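The sequence and the coordinates are displayed first.

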Amino acid sequence: MFLVGLTGGIASGKSSVLQVLQQLGCAVIDVDVIARHVVQPGYPAHRRIVEAFGTEVLLENGDIDRKALGDLIFNQPDRRHLLNAITHPEICREMTKETFKYFLRGYRYVILDVPLLFETKKLLKYMKHTVVVYCDRDTQLARLMQRNNLKQEDAEARIKAQLPLEDKARMARHVLDNSGEWSVTKRQVVLLHAELERSLEYLPLRLGVLAGLAGIVSLLYLLTHYLLASL
């Protein structure tokens, strides 16, 4: 199997694209969902976060207060790096588990929904394909203002806080342009899915695994045959 990294920007329509991909039967892993999962009470990352940042980052029910934690590391690179050092290994471990489950179920590729794919660049080297859900800035601004009931200056500030979609589009292998009618975007998603399904890029790894399993079976057979012959 191979990995497909999917990203976008605020109000670009990435969530809607993901819904279509899931309806088409694609295997999807949401990194944000995993990130929230690994910091739940009882998990190692939760304990280490409390040890590092104190109980002030906890809600009354013991969950991590994401807003309080975000405020605590805001403009403090050392603390942000500490948090990343705690959470990233756990996130990668869970992503690997989920990916392996899809591999065993015979999926040809897995889509990783990674909001900061191009910003952090940590996962880029594992992606065979990268996909950006794009829309022009005026459309993005209008959708964000309407969706979140924001004033123009507030919406512009949120957009400016992210890497511009134009930059992401230049770095991506595939661009889904969601600037116009949704029916047009949906057709792009269906065509991309068909292209990925036709791809044979999943074969090398799968054949390698099968060859390895065949070698192990052969070794076990020879060992069993030798032991039986020596009795």
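The sections below treat the sheet, its central strand, the nonpolar cores and the aromatic pairs of this predicted model.

## The sheet

Five strands make up an open sheet with parallel pairing, arranged in the order β2-β3-β1-β4-β5. The edge positions are taken by β2 (27-30) and β5 (174-177); each has a single partner strand, so one side of each lacks a neighbour in the sheet. From one strand to the next, the twist averages 25 degrees.

Helix α10, spanning residues 182-198, lies across β1, β3, β4 (129-134) and β5. Relative to β5, helix α10 runs at about 155 degrees.

## Strand β1 and its partners

Strand β1 (residues 2-7) is joined to strand β3 (residues 109-113) by 5 bridges, and the two run parallel. Within this pairing, Val4 stands opposite Ile111, and Leu6 has Asp113 as its bridge partner. On the β4 side, 4 bridges connect β1 to β4, again in parallel; here the bridge partner of Val4 is His129.

In a regular strand, side chains alternate between the two faces of the sheet. In β1, Phe2, Val4 and Leu6 point one way, while Leu3, Gly5 and Thr7 point the other way. Because 6 of the 6 residues of β1 are buried, the strand is largely enclosed by the rest of the structure.

In soluble globular proteins, nonpolar side chains tend to be buried together. The largest nonpolar core of this model comprises 36 residues, of which Ile49, Phe53, Leu69, Ile91, Met95, Val110 and Leu112 touch the most other members. Helix α5 (residues 77-104) gives the most to this core, contributing 6 residues. At least three residues come from each of domain 1 (1-11 + 110-198) and domain 2 (27-105).

When neighbours within four places in sequence are set aside, Ile49 is in contact with Val39, Gly54, Val57, Ile64, Leu69, Leu83, Ile86 and Thr87. A second, separate core contains 17 residues, among them Val4, Val17, Ile111 and Leu196.

## Aromatic pairs

A pair of aromatic rings is described by the distance of the centres and the angle of the planes. The model has 3 aromatic pairs. In one of them, the ring centres of Phe2 and Tyr109 are 5.6 Å apart and the planes lie at 20 degrees, so the pair is stacked. This pair links distant parts of the chain, with Phe2 in strand β1 and Tyr109 in strand β3, 107 residues apart. Both Phe2 and Tyr109 are buried.

Another pair is formed by Phe100 and Phe103, whose ring centres are 6.2 Å apart with planes at 15 degrees; this pair is therefore stacked. Phe100 and Phe103 both lie in helix α5, 3 residues apart, about one turn of the helix. The assignments follow from the cut-off: buried means under 20% relative accessible area, exposed means over 50%, and partly exposed lies in between.

How values were computed
Residues numbered from 1 in each chain as written. Predicted model: local features only at pLDDT ≥ 70, side-chain atom pairs only at ≥ 80, totals over all residues. Heavy atoms only, no water. Core = buried A, V, L, I, M, F, W, Y, C linked by side-chain atoms within 4.5 Å. Buried < 20%, exposed > 50% of the residue type's maximum accessible area, 1.4 Å probe, protein only. Domains from an automatic or database assignment. Contact = heavy atoms within 4.5 Å. Pairing = 2+ DSSP bridges. Axes fitted to C-alpha atoms, helices over the stretch in contact; angles between N-to-C directions. Phe/Tyr/Trp six-rings, centres within 6.5 Å; stacked < 30°, edge-to-face > 60°.
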